[in-house]
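Subject: Structure handover and notes

Dear colleague,

I am passing on the structure we spoke about, with notes on what was found in it. Please keep the model open beside this message while you read.

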Amino acid sequence: MAFDPKLAEIRFGTGLARRILGPDSVDQMLERLTGPDLIARDYPIETFPAFQKRIIEARETGKAYRQAKNAANAPELAKIHDRVKQDARRAQSYWMLQVLGRRSYTQDGFRERLIAFWTDHFTVIGKGAVMRRVAQPVAETFLRPNMTGHYADLLIAGVTNPGMVNYLDQQFSVGPNAPARAKMPPARGLNENLAREVLELHTLGVDAPYTQKDVRELAELLTGLGIDADGAQVFRENWAEPGSEMVLSQTYGGDPARMDHIRSVLTDLAVHPATARHLSRKLAVHFLGDRPDPAVVEAMERTWRDTRGHLLSVYRAMLTHPNAWTPERVNVKPPFDFISSALRVFAADPKPFKGKPNDVEQRIRKHFLNPLQRMGQPWELPIGPDGWPEQDDAWVTPQGLATRMEWALETPQVLLKGLPDPREFVEMALGPNPPESVRFAAKAAESRAEGIALVLISPAFQRR
Amino acid sequence: MTDWTRRKLLTRSLALGCSAAASPLLTPISLAAGPWDNRLVVIILRGAMDGLDVVQPYGDPAYAAARPNLKGGEAGGGLDLDGYFSLHPALEALMPMWRAGELGFAHAVSTPYRDKRSHFDGQDLLEAGTPDLGPATGRDGWLNRMLQTVPGMRPDLAYAIGHENLLILTGQAPVANWSPDVRLKLSPQGRRLAELVMHDDPAFADAFAEAAQQLDSGDGGMMAVPTGTDMDMAGLSKKGTEGIRQVAAFAGEKLLGDTRIASFSIGGWDTHRFQPGALPRALTQLSDALLVLKSTLGDTWGKTAVVAMTEFGRTVRENGTRGTDHGTGGAMLLAGGAIRGGQVARDWPGLSEAALYQRRDLMPTRDVRAYAGWVMRGLFGLDASVLERTVFPGLDLGPRPSLIL
């Protein structure tokens, strides 16, 4: 059980590709990860500051439309406002194609897997016609640059970014004794939403010994954190609960309230032993399967504690552990990874659809968004802040599997000028020594399309 | 035969290369019939349906003033039901059902959920069927708890239909899950080969075997969907969508067989803004679902009860954007031959400001769970104690509603 370039691509990357050689060592994987972000340059995705222009535009056009009310130009203004929302919707599906492009052509697949992991860990489902498209710009700006340093920095960026503040209603939370509350309706007050998820999901984990009182005190400490009308992060001192708060027996805050107090509690939470345990295990489950080898988790957890949550070191602890390289593939690819790894084998055009924007959008919907939804993973729409399930059985359902097969039969034909020979495709997709049954099926299939689909639907392709 | 044995057998027979359809062991007809003959369909209306705009109390003196832009009754084109309530015109295609006594409503109803008016919590409570949200909420749904009381359960007795995991049917009792929009078409050879490549992986082999069986039995519902030329016959709206008709047709097909319970959801009810545009879209889905169910079920419609319920109602007064905000009391819909329709059942609290809940919402005067409980009691002969303790813990069923046969 040792490093293997193909397994590195399959298990820790975005899958095998026809013309891309896998990394030659763990060192090279980590060098690429810490080197320049080449693929992001080739397949750019909008940053959050650029996205803010959409927020501002939506606010202004919406205001103009509402003020016009029954005036003659109201329908015209409504159309302008709708166009802003439509542009954001189209941008969101375009960014999905960019993500697919990155995953198809990168030599640094581990980075793409990590950004998917951390984007899910800090799930943001924006609220509002434009904000609901915010997930990729948030990931690009706040998460992607912070994936190899100390977890504290990633945590602060993941928790305090405007997308998260919007999603978990932090901007409405006001300290019960804050000066600003005096002028608000009596029902206004604390919102525990973000505080609870920080402890339960982002740091300690639900089994850790924290109490409702810790949630409440952290919620009080978070008051003041908000967003302004332009979608920018703000700290409103007069919304903050006066005095200090005690979270996990540590005292934070004090007057005057400052953003630094929030950074301070998050920095401590990032290195808490429960966080080390929770996130080492979560990473291992994500990459190695539902029941990762305890020795690997232990090595990661120890590294987390020893390095105060230095993520690159934690990744190295996982990748250099021999038990991370067991040849048996167990982990089931979620729907998006299934689709993206298939496209990578084909080296398909990352922007396959040309024509009028409306037609392009329809085809993206038909070939990607709708199938993802039917497979149970609608793009950027998990049910809650806990993101997508890691358990394999969530993805092996009758309707999900049938939809994967349906996609594997239909979409490659649409995306490619000609399908490869299924017999050659077996090794392209699965690497050397594919199961004999898959080799046989590829040979015995009635058509190229079915042969290709049979390879993609095989557990040998769907597990990594 | 237990579920496990059936699956294994299916897997094995498929691996041997004989098709599931050809195997006498696997055709539905060889399986025992369900424990009851009546059918229940539960439709979850996600997003909070505005009961006051669907079943419009135009006879209430405070109604018109509360809704200057969302007119009901004659002024808004509403279809008179009983001289006090009118039906939203987008449900016009259901009027024959109403006249036949196969469509009725319960008004001023709600779940026990109060005050926070969150969709997420409200829907959880609606599907959990418990008096309040607690740590156990989300573990199982009330339809599943009902099934747990039935001996000799088989998974195809109840169907959860769609892509989502329906909480209402989640729990220890085995249920079937499928989505009829799966359009997988495989040649017989392709299918045998797919079974071959999955043969050594039990999880994939089992899931594929179940999918194959679904695709065998009625092409996953695809054949039964009235489209195109059939649309006029069924009275379906031209503005309707294919998805919900497929779901309803699939439910109907299953209920014609051994299935006794089906559940699915319809979204689009959260009408904060421009309700005159948004609400008809959702109502068309509901109307189409009922019409397709009825036409698919044929004579079996007479043994069927459909219950459509939502997480809460909406504000009595319209808001500043020609919509309504989250409220409390609302309406639920009952349909089918196994209910006594043609009436709006209610203990009407009135819409004067003093009569409202927190001076803003329709005051609920009965629990939606009592109606659902009485429907199940009527259909399946369940004991009141089972309903009040196991299915809906802590519920007082109260007197039999007039809508129940």
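A residue is called buried when its relative accessible area is under 20%, exposed when over 50%, and partly exposed in between, using a 1.4 Å probe and the protein chains only. This is a predicted model, in which local features need pLDDT of at least 70 and side-chain atom pairs count only at pLDDT 80 or more, while totals for chains, interfaces and linings use all residues. Residues are numbered from 1 along each chain as its sequence is written, chains are lettered from A and ligands numbered from 1 in the order in which they are written, and side-chain values use heavy atoms, with hydrogens and water left out.

Let me begin with chain B. Chain B has 13 helices and 12 strands, where helices (H or I, at least four residues) and strands (E, at least two) are DSSP runs numbered from the N terminus. Of its 405 residues, 57% are buried. Taking a contact to mean heavy atoms within 4.5 Å, residues 24 or more positions apart account for 73% of the contacts in chain B with a separation of 6 or more.

One buried spot in chain B deserves a slow look. Arg314(B) lies in the loop between strand 9 (304-310) and strand 10 (330-335), and Arg314(B) counts as buried because its relative accessibility is 0%. Its side chain reaches the backbone oxygen of Thr324(B) at 2.6 Å, and a polar atom of that side chain also lies 3.0 Å from the backbone oxygen of Ala48(B). Ala48(B) sits in the loop between strand 1 (39-45) and helix 2 (51-54) of chain B, has a positive phi of about 80° although it is not a glycine, and counts as buried, because its relative accessibility is 0%.

Next comes the interior. A nonpolar core is a set of buried Ala, Val, Leu, Ile, Met, Phe, Trp, Tyr and Cys residues joined through side-chain atoms within 4.5 Å. The largest such core has 205 residues, and those with the most contacts inside it are Phe110(A), Trp118(A), Tyr315(A) and Phe368(A). Helix 11 (residues 275-297) of chain B gives this core its largest share, 10 residues. Leaving out residues up to four places away in sequence, Phe110(A) touches a set of residues including Phe12(A), Met29(A), Phe287(A) and Tyr315(A). Apart from that core lies another, of 46 residues, among them Met146(B), Ala338(B), Leu382(B) and Val391(B).

In chain A, helix 21 (residues 448-457) is largely enclosed by the rest of the structure, because nine of its 10 residues are buried. The buried residues of helix 21 pack against helix 16 (335-346), helix 18 (398-415), helix 19 (422-430), helix 20 (436-444) and helix 22 (459-462) of chain A, together with helix 7 (188-198) of chain B.

How do the two chains meet? In the model, 28 residues of chain B are in contact with 30 residues of chain A. The buried area between them (the accessible area, with a 1.4 Å probe, that two parts lose on being put together, summed over both) is about 2,500 Å², of which carbon and sulfur atoms give 70%. On the side of chain B, His163(B), Val197(B) and Phe204(B) lose the most area to chain A, together 25% of what that side buries. There is one salt bridge between the chains, a term for a side-chain nitrogen of Lys or Arg within 4 Å of a carboxyl oxygen of Asp or Glu. The side chains of Asp201(B) and Arg463(A) meet in a salt bridge at 2.7 Å, N to O. Helix 7 of chain B gives the largest share of the side of chain B that touches chain A, seven residues.

The peptide bond from Asp255(A) to Pro256(A) is cis, with omega near -5°, and Pro256(A) lies in the loop between strand 4 (250-253) and helix 12 (259-271). Glu380(A), in the loop between helix 17 (357-374) and helix 18, has a phi near 60°, a positive value in a residue other than glycine. Glu380(A) counts as buried, because its relative accessibility is 13%.

With best wishes

Methods: Polar contact = N/O pair within 3.5 Å; in protein donor to acceptor, adjacent residues only side chain to side chain.
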